[in-house]
Amino acid sequence: MKKVDFKGSVILNPVPVVLITSRNKEGKDNVFTVAWVGTVCTKPPMLSISIRPERLSYEYIKESMEFTVNLPSADLVKKVDYCGVRSGRVVDKIKEMNFSMKEGEKVSAPYIDDCPISIECQVKQIIPLGTHDVFIAEVVSSHVNEDLMDENGKIHFEWANLVTYCHGEYFPMTKNSIGSFGYSVMKEKTKARKAEEKTREITKKTKSFVDKKTNKDSEKFKTKTKRKRVFKKIKSEK
């Protein structure tokens, strides 16, 4: 296939899209959307985000040297977009989007409880680059919805219905993997075992969903039946 050559440009896509929450020294909170975020170290666990100096969150984070990365699910995508195009100088985005906020465990910045995953960070270094400064931070605490974890304690991010950003558009994360780390050299016996484990996980998740829906429908039926009895009783008393 013939290639088209472009001048130097960062066209790395897709990327995760996250909501960054922060709090300044006056106790004011803000949230904004970031797509330039990435892992930079395992031990200590560290990540980076790139921010334009003119952003309000830049001021808050530089002041407190703390922030929280919130991974939104696809049902929050409209709020994600809003937080990316509206300025915290003009509108209280947390209030406007009606986010449920929780106080951080290790940092002053709150986290968004509506998001299935939140990562508390402490800034260790700020590197000016040009249009953006990169904030390198250590992860000091994380919050994960318990329904994303299996019986072995493994986090299934694919269950969270996360969002990716690609060339100006948002896309849901697929739930179907096309491989796993090391599968290219994996023995057939191990492949079979892993496939069986995955099938069990999917079956369990499906059963859990069906059970919840059945219980919910059952409660609705009971409530509806109870209301009918009450209305019937009132009618008979008249």
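The accessible surface of the protein chain comes to about 16,700 Å², and carbon and sulfur atoms account for 55% of that surface. Accessible areas here come from the Shrake-Rupley method with a 1.4 Å probe; for residues, only the protein chains shown count as cover. The model is predicted: local features need pLDDT of at least 70, side-chain atom pairs count only at pLDDT 80 or more, and totals for chains, interfaces and linings use all residues. Residues are numbered from 1 along each chain as its sequence is written, and side-chain values use heavy atoms, with hydrogens and water left out.

**Overall make-up**

- The protein chain has 238 residues, and 32% of them are buried. Buried means under 20% relative accessible area, exposed means over 50%, and partly exposed lies in between (1.4 Å probe, protein chains only).
- Four helices and 12 strands occur in the protein chain. Both are DSSP runs numbered from the N terminus: helices are H or I with at least four residues, strands are E with at least two.
- Take the contacts in the protein chain between residues at least 6 apart in sequence: 58% of them join residues at least 24 apart. A contact means heavy atoms within 4.5 Å.

**The β4 and β5 hairpin**

- β4 (37–41) and β5 (46–51) are separated by a loop that holds P44.
- The two strands, β4 and β5, form a hairpin, with four residues between them.
- Their pairing is antiparallel and runs over four bridges. Two strands pair if DSSP finds at least two bridges between them.
- V37 has I49, in β5, as its bridge partner.

**Cis peptide bonds**

- Most residues other than glycine have a negative phi, and most peptide bonds are trans.
- The bond from K43 to P44 is cis, with omega near -5°. P44 sits in the loop of the β4 and β5 hairpin.
- N13 and P14 are also joined by a cis peptide bond, where omega is about -5°. P14 belongs to the segment before β1 (15–16).

**Positive phi away from glycine**

- M65 is not a glycine, yet its phi is positive, at about 60°. M65 lies in the loop between α1 (56–64) and β6 (66–71). Its relative accessible area is 29%, so M65 is partly exposed.
- N98 is not a glycine either, and its phi is positive at about 55°. The loop between α3 (93–96) and β7 (101–102) contains N98. N98 is exposed because its relative accessible area is 61%.
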